[in-house]
Amino acid sequence: MVAGLAGTVVHFAFMYLRSRLGLLPSFQPYQSFQAALSNWVGTNVPAAVPWLLSFLNGMTILGFLFGRLIPSP
């Protein structure tokens with residue numbers, strides 16, 4: 001979970017810097033994810049949901065998979 005949290009923090013920092021520096025303005029993954037979720041559930045999805053799902057995925061699911069797939073010494 002620590003590795004997943006670290007990856008999520010780095011991802012957040014890169015996305016924050018990208019928006020602050022104006023790099024890749026057409027790359028809007030969270031807005032695209034929000035639109036896809038809205039189409040999937042059939043109603044509007046709050047903007048915080050894609051961020052929370054990304055955090056959940058990075059911290060728990062990917063951390064768990066990493067721990068299960070990489071054997072300990």
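Helices (H or I, at least four residues) and strands (E, at least two) are taken as DSSP runs, numbered from the N terminus. I worked from a predicted model, in which local features need pLDDT of at least 70 and side-chain atom pairs count only at pLDDT 80 or more, while totals for chains, interfaces and linings use all residues. Residues are numbered from 1 along each chain as its sequence is written, and side-chain values use heavy atoms, with hydrogens and water left out.

Entry on Arg 18. I located Arg 18 in helix H1 (residues 2-21). I found Arg 18 buried, at a relative accessible area of 12%; buried means under 20%, exposed over 50%, and partly exposed in between (1.4 Å probe, protein chains only). Beyond its neighbours within four places in sequence, Arg 18 is in contact (heavy atoms within 4.5 Å) with Leu 23, Leu 24, Pro 25, Phe 27 and Gln 28.

Entry on helix H2. The 13 residues should span 18 Å, and the end C-alpha atoms are 18 Å apart, which agrees. I listed Tyr 30, Leu 37 and Ser 38 as the buried residues of H2. Seen down the helix axis, these buried residues fall within an arc of 100°, so they line one face of H2; the arc is that of the directions from the axis to the C-beta atoms. On the other side of H2, I noted Asn 39 and Trp 40 as exposed. Gly 42 follows H2 and has a positive phi, near 85°.

Entry on Trp 51. I placed Trp 51 in helix H3 (residues 48-69). Leaving aside neighbours within four places in sequence, Trp 51 is in contact with Phe 12, Met 15 and Tyr 30.

Terms used:
The expected span of a helix is 1.5 Å times one less than its number of residues.
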